[in-house]
Amino acid sequence: MALTETATTLDGREQRQSLINYPLMLGGMAIITAVFLGVRLYQQAFAWTVGLDSSTPEFQAYWMRLLYLEFALEGIAAVSIWGWLWRTRDRNLAALAPAEEIRRYMRLIAWLMMYVFAVYWAEFFAEQDATWHQTVVRDTEFTPSHIPLFFGALPVFIIMGVSSYIYARTRIPQFARAHSIPFLIAVAGPFMMLPNVGFNEWGHTFWIMEEIFSAPLHAGFVIFAWAALCLGGILMQGIPRIVELAQGEAQRMAARLLT
């Protein structure tokens, strides 16, 4: 199936339109990239100079303010995106045209792509955090590595994952009729990495294991990250319906050409 559709303009002409919302997908990825590149450059400039001692005024000025800024921006983003998706939900899915339903499946894929992209950035900062632990012994859970990872990157991909789920539940009949188990696992599993941070920090308070990354204390992060593999289950649920809709559209187009 070509990733385009034919639309009829007001003057009767037909024009090809892309089924995938590239401005949404690429624009979202560009914003995420710009934010995290900025954070990474900020780390490069201030992690070693004012980020090693949490008791200093410089640490409070450069790193705790970044933490508070993250909380504020993430809260605004979550309320704005989730609120917009809910306010603009389709209240009459029973009347959804097949062509529009296909388009919405493609837009859901765009949302999932942004979710996966945000998870990638979280993994980037997680690998960086491992290197930091091998180099610097922390004196608090708030470090130049943890602040971008646990309180920045993790909430961002949680926002994108929940946004994907809300979009599917409010705009696609297949997912609106009942909860998708693969979808729930793919979103809720990685979501649980954030609560696991509390357990992780509690464990580090009682046991010195800065360089032991295979310790059972860290198993939660791995297990919850594996839940993202259920994204494949979402595709397995959606693809048969997409094929069915595409075949129906092809038959209607062929019948229209014969008349």
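**View 1. R104 and E100, about one helical turn apart in helix α3 of a predicted model.** R104 and E100 lie four residues apart in helix α3 (residues 98-135), which places them about one helical turn from each other; helices here are DSSP runs of H or I with at least four residues, numbered from the N terminus. Their side chains meet in a salt bridge at 3.0 Å, N to O, the term standing for a side-chain nitrogen of Lys or Arg within 4 Å of a carboxyl oxygen of Asp or Glu. R104 is buried at 12% relative accessible area, whereas E100, at 23%, is partly exposed (buried is under 20% relative accessible area, exposed over 50%, and partly exposed in between, with a 1.4 Å probe and protein chains only). R104 and E100 also belong to a network of salt bridges that links them with D90 and R103.

View 2. R241 is partly exposed, with a relative accessible area of 25%, while E101 is buried at 4%.

**View 3. R241 and E244 within helix α9.** R241 also forms a salt bridge with E244 (3.1 Å, N to O), and the two residues, three apart in the helix, are separated by about one helical turn. E244 is partly exposed at 48% relative accessibility. The search of the whole structure finds five salt bridges.

**Notes.** Residues are numbered from 1 along each chain as its sequence is written, and side-chain values use heavy atoms, with hydrogens and water left out. The model is predicted, so local features need pLDDT of at least 70 and side-chain atom pairs count only at pLDDT 80 or more, while totals for chains, interfaces and linings use all residues.
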